[in-house]
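Good morning, and thank you for joining.

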Amino acid sequence: MDHKNRKPVSGGTYLGHKNHASGGSAHSRPFAARKFNSVSTPGASAPSRFSKPHTGGYKGHGSTGSHGDRPTSGGYKGSASHGKPSYSRGGFSGGRGGGSRGGGRGGFNASFRDISKFVKKAVITEQSEVFVHEHKFVDFLIDERLKKNIVTKGYITPTPIQDKIIPHILRGSDVVGIANTGTGKTAAFLIPLIDKILKKPQEKVIIVVPTRELAIQIEQEFKGFSPSLPLWATCCVGGASMGAQIAGLSRKNTNVVIGTPGRLKDLIERSKIRLNEFGTIVLDEADRMLDMGFIADIKFMVAKMPPTKHTLFFSATMSRDIEQLISTFLKNPVRISVKTQDTSNRIDQDIVRVPAGKEKNAVLYELLARPGFDKVIIFGKTKHGVERLAQTLVSRGFKAESIHGNKSHGQRQKALKFFKEHHVNILVATDVAARGLDISGVSHVINYDLPATYDDYVHRIGRTGRANKTGKALTFV
């Protein structure tokens, strides 16, 4: 069945904007700042009607109210038809599945309750502070062969993080880079480190990242900057051939090792990686590694390196725990922050309600059949749920692949290749794909299941709205 010929959605309800799928220009105010008037669609229950305001918000009423009629104290309390979700204290307490099921139908995780964070109209015409570049790539004091490769890749003007941080890395300073996802930080550390190796061929660099997808992406970026140069990188991640990685590490001109903490630690314990030979370490996506429980592995690796080492530390967020890591691992670092806001102005963010009596899957099918859903990443909570959803989509005639922890390294790379090369236009993923993937042209990110934290939400939706293009992020609630 050709899903492109299906009828437009008739059951799901966008709450943030009208004419969302067709790029309507209706303005959307922040969710918590406006009356809650859902757009009625065929198959949906009649919208709630609000009585006079109570302290701190509105109390909704309608047929078969849920959870009582007490005044709210911080938000809207909806109680239209039986089983509809209700909003209280600025957050979401679940209908149709219960508020205790984070990521399930109709439920928020206890730590993630502000639904207004999911609603934001893309702004592509507003005037923002103009960043004044100090450099062009040709201005950097780097090897001419590297400059030629940079030009060949089409790089002319550095991004803000590249412009600010490359000179400090070239001078050998420890650095802390705080930047949003998709800001070009991979090139910000690869370019000066490649130059460092060209000028000092015995130099070895280890780059530690939280996920195999990010490790592979960095390896590909490295190859893009280093064709014809006398240096090599080996990617060491779980799920891939240990023998091939050991062979790569044994190459004489392997100056760069990129990997995930678990596999790197395994190779170190097997004496295949001798960290006393490495003078530089990059800790990328440090906040994510902290969240994933890799801190002990990182401390293990850092302790085995020479006391005088060059440390580059990158994170999207700055917490007390991150500050403690910085004080432990770095010496008098230069701090560079180009983080402006959590999410890009180019991402149109909205929520989708599942009407009472309608299946969540059915709403998703109808959304995907709408015009404009050309290249979509759908995020689910569990490995089994993601795989089941992908198979169901395929059975309904959609072109879909899945990526999750139960798939082998080869299967995951194949799925990503198919998605990147447009053999499929839907990728269903767990949060393993939320960080590090740089796939051009993603039109929509759909949070089919709620993320565990707001940081996870930010990284999920950061897969769209890249390279100065607009994108859309939809979250089922």
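The model before you is predicted.

Ile191 itself leads us to the largest nonpolar core, which has 41 residues. Phe189, Ile191 and Ile207 have the most contacts inside that core. Which elements give two or more residues to this core? They are the helices α1 (144-152), α2 (160-170), α3 (185-199) and α4 (212-225), together with the strands β7 (205-208), β8 (232-236), β9 (254-259) and β11 (310-315). The largest share comes from α3, with 9 residues.

I turn now to the sheet. In what order do its strands lie? This open sheet is formed by 7 strands in the order β8-β9-β7-β10-β11-β6-β12, and their pairing is parallel. At the edges are β8 and β12 (334-337), each of which pairs on one side only. From one strand to the next, the twist averages 15°.

One pair deserves a more detailed description. Strand β10, residues 280-283, pairs with β11 in the parallel sense over 4 bridges. Within this pair, Leu283 stands opposite Phe313 of β11.

Finally, we return to α3, which packs on the sheet and touches β7, β9, β10 and β11. The direction of α3 makes about 170° with that of β11. Thank you for your attention.

Note on methods: Residues are numbered from 1 along each chain as its sequence is written. This is a predicted model: local features need pLDDT of at least 70, side-chain atom pairs count only at pLDDT 80 or more; totals for chains, interfaces and linings use all residues. Side-chain values use heavy atoms; hydrogens and water are left out. A nonpolar core is a set of buried Ala, Val, Leu, Ile, Met, Phe, Trp, Tyr and Cys residues joined through side-chain atoms within 4.5 Å. Buried means under 20% relative accessible area, exposed over 50%, partly exposed in between (1.4 Å probe, protein chains only). Two strands pair if DSSP finds at least two bridges between them. Axes are lines fitted to C-alpha atoms, for helices over the stretch in contact, and angles run from 0 to 180 degrees between N-to-C directions. Contact means heavy atoms within 4.5 Å.
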